[in-house]
Amino acid sequence: MGDPPPQRHLILILARNFASRLATAAFLVDADGRVIYFNEAAEQLLGTGFGEGHGMSSEEYLERFRVADEQGERVAMADTPIGIAVNRREPAHMPVTITAGNGVARRIEATAFPLMAHAGELVGAIAFFWEGVPKSAEG
């Protein structure tokens with residue numbers, strides 16, 4: 001038998017519980033940036049189910065989903081809102097275009113926050129995102 005999965009921090013357990021009840025798309029990573037949960041609303045925008053994305057590393061995430069800025073340039077994981085929340089331990093927001101697992105490109109707005117258990121103790125990060133208004137429809 002293999003080793004049992006590591007015990008998750010209570011903050012991550014509570015964040016997952018919270019995210020699971022939201023109609024807003026939510027994405028949760030641990031302190032290493034590994035995907036530990038995304039909710040049903042996120043599944044719709046990402047074009048993939050949680051079972052397929054669970055445990056993905058940041059590198060695997062970028063391989064599976066192309067993230068681009070408003071100029072169409074690829075965005076490194078460290079420069080995405082969730083990457084900033086994990087690496088810099090600060091909140092971040094930005095509009096991006098993500099090419100989902102089903103090949104559909106969507107313009108989304110993403111906001112991420114680091115999840116701190118105590119001062120200086122990062123346990124993960126949570127991102128909320130929603131489909132943005134197409135540029136042609138903006139006034």
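This report describes the salt bridges in a predicted model.

## Overview

The predicted structure contains five salt bridges.

## Asp 30 and Arg 8

Asp 30 and Arg 8 are joined through their side chains by a salt bridge, with a distance of 3.8 Å from N to O. Because Asp 30 belongs to strand E1 (residues 25-30), whereas Arg 8 sits in the segment before helix H1 (10-20), this pair ties together parts that are 22 residues apart in sequence.

Arg 107 is found in strand E5 (residues 105-118) and Glu 70 in the loop between strand E3 (66-68) and helix H5 (81-87), so the contact ties together parts that are 37 residues apart in sequence.

Arg 107 is buried, with 17% relative accessibility, whereas Glu 70, at 38%, counts as partly exposed. The pair belongs to a network of salt bridges that links Glu 70, Arg 107 and Glu 109.

## Asp 79 and Arg 88

Asp 79 forms a salt bridge with Arg 88, and the closest N and O atoms of this pair lie 3.7 Å apart. Asp 79 is partly exposed, at 40% relative accessibility, and Arg 88 is likewise partly exposed, with a relative accessible area of 47%.

Methods. Residues are numbered from 1 along each chain as its sequence is written. This is a predicted model: local features need pLDDT of at least 70, side-chain atom pairs count only at pLDDT 80 or more; totals for chains, interfaces and linings use all residues. Side-chain values use heavy atoms; hydrogens and water are left out. A salt bridge is a side-chain nitrogen of Lys or Arg within 4 Å of a carboxyl oxygen of Asp or Glu. Helices (H or I, at least four residues) and strands (E, at least two) are DSSP runs, numbered from the N terminus. Buried means under 20% relative accessible area, exposed over 50%, partly exposed in between (1.4 Å probe, protein chains only).
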